[in-house]
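The following report concerns a structure that is shown below. Please keep the sequence and the coordinates at hand while reading.

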Amino acid sequence: MEHTHTNPASDNTTDGLVPAGRPLPLGIYLQELWLRRDFMIRVPLEELRAQNAHTLLGGIWLILNPLLQVGVYFLVFGVIMPIDRGVDDYLMFLTIGVFVFFYSQRVISEAARSVVVNLGLIRTLRFPRATLPLSATVGQTMAFIPALTVMTAVVAAHGTWPHPRWLLIPVLLALQIAFSLGAGFLAARYNYTYRDLENLLPFVFRLAFYVSGVLYSVDHYIDSTLGRAVFLANPFYCFVTVWRWVLAGTPAAGEIWVATGVWSTVTLVVGFTLFRARETTFGGTR
Amino acid sequence: MSKVAIRCTGARVSYTVRSHRPLIRGALRGQRPEARVIEAVRGVTFDVAVGESVGVIGPNGSGKTSLLQATTGLLPLAGGQVLVRSTPAFLGVQAILRPHLTGWRNIQLGLLAQGLNTAEARDRTGEVAEFTGLDDFLDLRMETYSSGMRARLHFAVATALAPEILLIDEALAVGDREFRDKSTARLDEHRAAAGTVLLVSHNMAEIRRSCSRVIWLQEGLVVADGPTGDVLNAYEAS
C-alpha cells in the first residue's frame with residue numbers, strides 16, 4: 001500500500017461514513033449497552049469490595065451503616081424528643097423511611113459523579129456512556145440488598161409476618177431503580193457541564209429528607225387536598241409511603257401508586273434521552 | 001478506488017476562552033467573565049483512506065490536538081464537517097484510566113468497557129499485560145505510574161481490540177526504546193489489518209517510521225499534505 005492519498009473532489013465513496021460524534025441510533029445504542037453488562041456488574045462489585053477492604057468488619061459495614069443511621073435518628077427523634085408524630089411503631093416507620101430515602105440518594109449522587117470520575121476512560125475508549133450511571137446504579141442496588149433484608153427483618157420482628165403485599169417488593173424496587181437511574185442520568189449530564197451541582201446536591205437531598213416524611217407522618221400534619229397534592233409532586237415522599245404500605249401495611253392512597261409509576265417512567269425516559277443527546281461531548285475540551 | 005475512513009471538509013474548531021475575574025467581587029457584581037474566541041482549526045479539508053497511516057505535524061498551538069478531538073466527536077465543530085467510518089479510539093498523553101485501581105484492574109476494566117464479557121476479558125488480560133511489559137508494576141495503583149508506564153498500559157488496552165480508527169496524540173513520545181519498537185510493530189499490524197491511524201507527533205523519526213503520508217498544520221490551516229519524505233523535508237527546511 002503506497003500512497004493511498006485520496007482527493008476529496010474525485011472520490012465519492014462516502015457510503016458508511018457518519019458525522020463524528022453523532023449519537024448512535026437508539027437500537028444499536030441499547031445493543032451496545034447490553035454488551036457491557038459484565039462491566040456494569042464487575043466494576044461496582046470490585047469497588048464495593050475495595051471500599052471495605054481495609055476495614056476490620058469488611059462487608060458487614062453494608063448492613064451496619066444503615067443500621068447505625070437508623071440508630072442515630074431513633075435516638076434523637078424517638079428517645080430524646082419523643083413527640084407524637086402520628087405513628088404507632090416509630091422504629092419500623094423510621095427504618096423503612098431512612099433506608100428507602102438513602103438508596104435513591106446514593107444512586108443519584110454516585111451516578112452524578114460517574115461521568116466526571118471516568119473522564120480518562122471516556123476520552124480513550126469507545127463505549128456508550130450510559131454504561132457509567134448504570135454501573136453506579138447497579139453497585140448501589142447491590143449494596144441496598146443487605147439493607148432491604150434488614151428492613152424486612154425489622155418489620156417481621158414487629159409482628160408483621162410475610163403478607164401477600166410483599167410480592168410487590170420486586171415491582172416497587174424496579175420502579176425505584178428506574179426513578180433513581182433516570183435522576184442519576186440527569187445529574188450526571190448536568191454535573192458534567194456545571195460541576196457546581198456536586199456541591200449543591202447534598203443540600204438538595206438534606207432538604208428532600210426533611211420534607212419527604214422520612215421522620216414523621218405527613219398525613220398526620222397535612223389535611224388539605226392541596227397540601228397532599230404538593231406531596232405527590234415529591235417522588236421521595238411517594239416511594240417512602242408506598243414502601244411503608246407494601247412492607248408494613250401503613251395506609252397509602254391509590255393516587256400515590258399512580259404518582260410513583262409516573263415519576264419512575266417519566267424520569268427514566270427524560271433522563272436517558274437528555275443524557276444520550278449530550279454524551280458525545282463528554283470528555284471534550286470545553 | 002480506496003474506501004475513505006475519515007473525511008474532513010472545511011472543518012473549523014474554536015474555543016471560547018473566559019478571562020479570570022475577581023472571584024467573589026466579580027460574581028457579586030454580576031460580571032460575566034470576558035469571552036474571547038480562539039480559532040484553533042480554521043477550515044481543514046482532507047481524506048484518510050482505510051488502512052492509511054497519516055502523521056500530523058506542526059508547531060505547538062497549530063490545531064493538531066483540536067483536529068484529532070473533533071475527529072473523535074469530543075469537540076463540537078464550529079463549521080464544516082468531519083465524517084468517520086466508525087467512532088475512533090483516542091490515545092492522549094495525559095490519559096489515565098482509573099488512578100486508584102491497579103494496572104491489572106485497569107486492564108480488565110478497559111477490556112470490559114470495550115464490550116468483552118468477564119471470561120473473554122480474563123482470557124485477554126494476560127496478553128495485554130505482557131504487551132505492556134510492566135510485570136510487577138501491574139500490582140501497583142495506576143496513579144503511581146510514570147508517564148511512560150501509563151502510556152504503555154494505555155496503548156496496550158486501547159489497541160487490544162483493534163479499533164478501526166486509532167488517533168494518537170503524542171502518546172508514544174514518552175515511551176522508551178523497547179516500547180517504541182513494540183508500538184511501531186503493533187501499528188504496522190494494525191495497518192496491515194486495514195486499520196487507520198492518525199498520529200500527532202513532534203518526533204519526526206516516529207512519523208517517518210509509522211506514516212506514509214503527512215499533513216502539516218500551521219495556525220489551524222493545512223500548509224502541506226503529501227508523502228512523508230516530501231512534507232518532512234519542507235517542514236524541517238522551514
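V43(A) is buried, with a relative accessible area of 9%; buried means under 20% relative accessible area, exposed over 50%, and partly exposed in between, with a 1.4 Å probe and protein chains only. This residue belongs to helix α2 (residues 37–51) of chain A. Helices (H or I, at least four residues) and strands (E, at least two) are DSSP runs, numbered from the N terminus. Apart from residues up to four places away in sequence, V43(A) touches D38(A), S135(A) and L109(B), where contact means heavy atoms within 4.5 Å. V43(A) and T141(A) are separated by 98 residues in sequence and by 13 Å in space, C-alpha to C-alpha.

The model is predicted: local features need pLDDT of at least 70 and side-chain atom pairs count only at pLDDT 80 or more, while totals for chains, interfaces and linings use all residues. Residues are numbered from 1 along each chain as its sequence is written, chains are lettered from A and ligands numbered from 1 in the order in which they are written, and side-chain values use heavy atoms, with hydrogens and water left out.

R129(A) is located in the loop between α5 (119–124) and α6 (131–157) of chain A. R129(A) is buried yet has no salt bridge, and E279(A), the nearest side chain of opposite charge, is 5.1 Å away. Lys and Arg count as positive and Asp and Glu as negative, with His and the chain ends not counted; a salt bridge requires a side-chain nitrogen of Lys or Arg within 4 Å of a carboxyl oxygen of Asp or Glu.

The largest nonpolar core has 64 residues; F39(A), F275(A) and I57(B) are among those that touch the most other members. Such a core is a set of buried Ala, Val, Leu, Ile, Met, Phe, Trp, Tyr and Cys residues joined through side-chain atoms within 4.5 Å. Helix α5 (residues 147–160) of chain B gives the most to this core.

| Core | Residues | Members include |
|---|---|---|
| Largest | 64 residues | F155(B), I168(B) |
| Second, separate | 52 residues | V155(A), F236(A) |

In chain B, six strands form an open sheet in the order β5-β6-β7-β3-β8-β9, with mixed pairing; two strands pair if DSSP finds at least two bridges between them. β5 (89–91) and β9 (221–227) of chain B are at the edges, each with a single partner strand, so one side of each lacks a neighbour in the sheet.
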